[in-house]
Amino acid sequence: MQEATVVSQWGNSKGIRVPVEILRKAQVDLNDKLFFEVDDDKRIILTKAPTPKQGTLEYLFKDYDGGSFKTELIDLGRNGG
């Protein structure tokens, strides 16, 4: 499937719109991470980053935005409770 789009100004950057059918076929959704690559023929290649596996540190922190958090120590006592 080949479709055309136009490069537009987007703040200080440039942007393109990707048709929803292309995103659907590539299984790309909002907030998915994409890698950019340019080959020798000056083609731009977008590759969807793998989704972190559940239970990994990457998965646990996938939605973390770098904001601060608060924690406290809890003394469970000698027998843990």
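Where does Thr 71 lie? Thr 71 sits in the segment after α2 (57–60). Helices here (H or I, at least four residues) and strands (E, at least two) are DSSP runs, numbered from the N terminus.

## Ground rules

This is a predicted model, with residues numbered from 1 along each chain as its sequence is written. Local features need pLDDT of at least 70, side-chain atom pairs count only at pLDDT 80 or more, totals for chains, interfaces and linings use all residues, and side-chain values use heavy atoms, with hydrogens and water left out.

## Out past α2

Back to Thr 71: its relative accessibility is 66%, which counts as exposed. For that label, exposed means over 50% relative accessible area, buried means under 20%, and partly exposed is in between (1.4 Å probe, protein chains only). Take Glu 37 as a reference point: Thr 71 and Glu 37 are 34 residues apart in sequence, and their C-alpha atoms are 41 Å apart in space.

Two strands pair if DSSP finds at least two bridges between them. Glu 37 has Ile 45 in β4 as its bridge partner, and Phe 36 stands opposite Leu 46 in β4. As background, side chains in a regular strand alternate between the two faces of the sheet.

Five residues separate β3 and β4 in this hairpin. Lys 42, in the turn, has a positive phi of about 60°.

## What goes on in the turn

Asp 39 is in the loop between β3 and β4, and at 19% relative accessibility Asp 39 counts as buried. Its side chain has a couple of things to hold on to. The side chain of Asp 39 reaches the backbone nitrogen of Asp 41 at 3.0 Å, and it also makes a polar contact with the side chain of Arg 43 at 2.7 Å. A polar contact is a pair of N or O atoms within 3.5 Å; within protein, one must be able to donate a hydrogen and the other to accept it, and residues adjacent in sequence count only if both atoms are side-chain atoms.

Asp 41 and Arg 43 are both exposed, and their side chains meet in a salt bridge (3.4 Å, N to O). Salt bridges that share partners join Asp 39, Asp 41 and Arg 43 into one network. The term salt bridge means a side-chain nitrogen of Lys or Arg within 4 Å of a carboxyl oxygen of Asp or Glu.

## Salt bridges elsewhere

How many salt bridges does a search of the whole structure find? The search turns up four. Glu 21 and Arg 24 are three residues apart in α1 (residues 20–26), so about one helical turn separates them. Glu 21 is partly exposed at 30% relative accessible area, whereas Arg 24 is exposed at 52%.

Asp 32 forms a salt bridge with Lys 48, with the closest N and O atoms 3.4 Å apart. This pair links distant parts of the chain, 16 residues apart: Asp 32 is in the loop between α1 and β3 (34–38), and Lys 48 is in strand β4 (residues 44–48). Asp 32 is partly exposed, with a relative accessible area of 30%, and Lys 48 is partly exposed at 33% relative accessibility.
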